[in-house]
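Thank you all for making the time this morning. I would like to walk through one chain with you, going from the overall picture to a handful of individual residues, so please have the viewer open.

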Amino acid sequence: MRPLRQPLECTLIDAGLADKIFYKIPEILIHHQHFLAALRDRLDNFQSDTRIGDVLLSHFKKQSMIETYIAFVDNFKFAKQSIIEARAKPAFEKYYMRCCRDHRNKLDLDSLLISPVQRVPRYELILKQIVKHTSVEHSDYENLLLAQKHIHELATTINRQKEESEEMEQRLREIEAIVDGLDDLVTTGRSFNRYDVVTISNSGGSKQRCLFLMSDQIILTSVRRKSPSTRSGRNSASLVQSADFLDSNRFKLLFKISLDDIEISKDSLSLLQSTELRLQAAQEDVNILNKMIELSKLLKSEHSALTTMLDNMRTERMQELRALQEQLTSDPELTTVHLQVTTINGIESLTIHFSNADKRAIWENALVEAKNALINSLQNDQAPNHLRSIVTHRTRSGLIFSVASPTLGKSMEGGAPNVWVCTTDKFSGQIAVVNVNGEPTIESSTGIGNAAIIAICPVPSPRKRRKVSVKASVDGPGNEIPGLELDSSSSDSDDSDSDSSRRNIQSTIWIGNEDGEIFVFNFLDNVRLKSREKMTRLPLPIDDIVYVDEKVFVSLSSSSHVQLVYFQRGKEGNWDMENSKNVRLDLHTRLRPMIAVVSRLCIASANSLYLINPSTTKIEKSAQVSSYPSETVACMAAHGSTMFVAMNKSSIVKVVNAFTLDCLLEFSISHVINKTLSTQEDIIRQHKMGCLRISALLCCKNRLWIGTSAGIILNANIASTKTNWTPTFNVCKAGHIGPCRFLTAVSVSSSAILFDMRRRRMSLNAPSLQQLDQNILFPSQVCKLDVLSFIVLYSFQMFVISGGEGYDNNNTDIREEKTGIDDAVNHLLFWTT
């Protein structure tokens, strides 16, 4: 593991893959080093009355050690898969075989990785021998017995965890196999909780559906019997109770809902609990009255009046009991769960009917527990690690980074998309193409235009036309964006000739500069050869470019004019660059930045935000985010239905609801930066704090990344509940001497798949549960300002890049880089997570 972190060998294997292979190995090593040190201290001064049982007991009772082993066992199968993946690379295979030959026992990596698990049973055997040869009168005997018990429990837990992990993976694969359209269910950390057959009401009526509750999402499917002849004689309750329910039915994927996107809108569990208490009391009264009637028969005197009274009371209570039992199965208030689901179209209602109140209560409690467990797991997520940095090519001094974006397609080698990085000065622009396959390298650097590059936007290939049977809208009939589609009647399988030709069109990269020029390249184009083939000139300098819903919006401005235009595709799917259309807006300050959020275009103008429907090009919402007219929005980033907004010359982040544009909360980063700079010279700290501002924002893999003018880069887990969120910041060990200029991220897998989000029927954050991330998918949501830092995050074969002026490293573990020098040289920094 350590050699693969060294400068010479670190390029043999991706850091993310190495992390998967050696997951929890460093932690296990630390535990055993402490254990060895404690034992060695006792054995160096060994006497006949020396005790070691307390050392064994304290080590094997430690909860952190137990959790480390369990996490290691859970990851073991993924580690083995990662080894196979790594060995597919010839350079690593050669290094791997050499290490196997050089090992003293000739063991391969698979055999070495199983050693930590095999060590625990060996401890148990050794301790049995120690106990066997220890007198029962020895003062250490009781501790040795307790230690032996804890080691045995640990070994049992490891074996049970391994079996449960294998069973869960098999269970997920079985569900994946029987649900038509579900092909990405098995992933690290996901578990299956339960399935229920329910009735769901929507505008098309009530239909029977099946809910699969996972640890991080709900999968909604249609359900039909495989054999029509046997379907008529059995009801849904008998189907669910049958042992072969999953085998005897057909399932089709309808919708995926991330647990982050779902909330219980109406709490009726208290009513259910009250009804159950009344039912219990009625049942107890009936039992008591039965006993009283039996006892009354023993009376010798006349007791007909008493018997009649008791019979009447029992009859009344029996009627009440039957009414309450019927209420538990027929009262919609007790058998129905009302949910609110956040989709790309807003907050929508989902009503689920269960066959009885007990099943409803069990499911609702399971949902709450799964949401709480998911929140806890996200809070314990490990901080990203710095991977490496490289110096960018620069044709002449004065060029700095302006904007960057990944392409929406794979590189020539068929691996990760390339990243296009733009550098500029006042008189020219330059594009550097970064290849992130294996060791990141800059493939080419080409000058373009005679003005500063201001904006870059990746645009996907044409989306296939589809028919939508259900149109859910939160803002009226003008909105044609499908929302919560729960029918299987919507189809996107019918191909036409035009659809076939549209599929041959590649994704593109749009670049705009201060001369009003827009350059459009296919993602694999040679910039030097193609720079003038697709170019259009607009009358005003470009401010920003964003793709939303098959339209490319371009904002323009000068000292006296502001304009927003958009481009559309022609019939064959190519962009009509000659005919831009104006969007009528009564705004007088520049429209920048712009991002795509919840399938809307959000633009900032001065200190206000405007939400524009891309179909009607009308403003739906507007709101001021600052009460000071002199403040303007500097950068924005989106995570699901939440936007993060920073103002110019400010160190405060505002958290805004993307649907209502209401400010939920705000927080400052100045105290974190001040503490980080406390080790630097006073003059440097005072200068950086005096002009501190947020220069870049990025949301990626449930983390908020913040670039600052001080060159320090922060990140924090994003909480699912934003109203009372207090972020806990992780300060990246590597940063820049100068300001952070921009943040972006790239997926090693093809990003174009992600633009099928609506067709794949998902809630707003459901794509982030896949092996590709929504925010990597929509780079237009990333801040595109004049920022000079480029950060790359790698997760599930995914990079996140940062580039800026100079390189500053406070991490003592990384010794191969010279830090604190070349503060005018552009650097790209890479992180893994």
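Let me begin with a question about the contacts in the chain: of those with a separation of 6 or more, what percentage is accounted for by residues 24 or more positions apart? The figure is 64%. Please keep in mind throughout that what you see is a predicted model, with a pLDDT that averages 78 over the chain and reaches at least 70 for 78% of the residues. The chain has 833 residues, of which 52% are buried, and the secondary structure comprises 19 helices and 39 strands.

Let me turn to the helices, starting with a pair. Helix 4 spans residues 63-87 and helix 5 spans residues 90-102, and their axes come within 7 Å of each other while crossing at roughly 115 degrees. Helix 4 and helix 5 are therefore roughly perpendicular to each other. If you zoom in on the place where they meet, you will find Ile83, Ala86 and Arg87 on the side of helix 4, and Phe92, Glu93, Tyr96 and Met97 on the side of helix 5. Sorted by class, this contact has five nonpolar residues, two charged residues and no polar ones.

Further along, there is an annotation to set beside the model. The unreviewed UniProt entry marks residues 151-185 as a "coiled-coil region". In the model, that stretch is 80% helix and 6% strand, and the C-alpha atoms at its ends lie 35 Å apart.

Lysine 371 sits in helix 14, which runs over residues 357-379. Is this lysine 371 buried or exposed? With a relative accessible area of 15%, lysine 371 is buried, because the cut-off for that class is under 20%. Leaving aside residues up to four places away in sequence, lysine 371 touches Leu259, Ile262 and Glu263.

Let me move on to the strands and the loops between them. Glycine 516 belongs to the loop between strand 15 (508-513) and strand 16 (517-522), and glycine 516 is buried, with a relative accessible area of 0%. Beyond residues up to four places away in sequence, glycine 516 touches Thr536, Arg537, Leu538, Leu540, Pro541 and Ile542. For threonine 536, which is 20 residues from glycine 516 along the chain, the C-alpha separation is 8.3 Å.

Valine 583 lies within strand 21, residues 581-583, and is buried at a relative accessible area of 6%. Its contacts, again without residues up to four places away in sequence, are Phe553, Leu564, Tyr566 and Thr617. Between valine 583 and tyrosine 566, 17 residues apart along the chain, the C-alpha distance is 7.5 Å.

I will finish with backbone geometry. Most residues other than glycine have a negative phi, and most peptide bonds are trans.

As for phi, aspartate 549 has a positive value of about 50 degrees although it is not a glycine. Aspartate 549 is in the loop between strand 18 (542-548) and strand 19 (551-557), where it counts as partly exposed at 21% relative accessibility. Alanine 606, which is not a glycine either, has a positive phi of about 60 degrees; you will find alanine 606 in the loop between strand 23 (600-605) and strand 24 (608-613), partly exposed at 23% relative accessibility.

Definitions and conventions. Residues are numbered from 1 along each chain as its sequence is written. This is a predicted model: local features need pLDDT of at least 70, side-chain atom pairs count only at pLDDT 80 or more; totals for chains, interfaces and linings use all residues. Side-chain values use heavy atoms; hydrogens and water are left out. Axes are lines fitted to C-alpha atoms, for helices over the stretch in contact, and angles run from 0 to 180 degrees between N-to-C directions. Helices (H or I, at least four residues) and strands (E, at least two) are DSSP runs, numbered from the N terminus. Angles under 35 degrees count as roughly parallel, over 145 as roughly antiparallel, 65 to 115 as roughly perpendicular and the rest as oblique. Contact means heavy atoms within 4.5 Å. Ala, Val, Leu, Ile, Met, Phe, Trp, Tyr, Cys and Pro count as nonpolar, Asp, Glu, Lys and Arg as charged, and the others, Gly among them, as polar. UniProt positions are given in the numbering used here, feature names are shortened, and annotations may be inferred rather than shown by experiment. pLDDT is the predictor's confidence in each residue, from 0 to 100. Buried means under 20% relative accessible area, exposed over 50%, partly exposed in between (1.4 Å probe, protein chains only).
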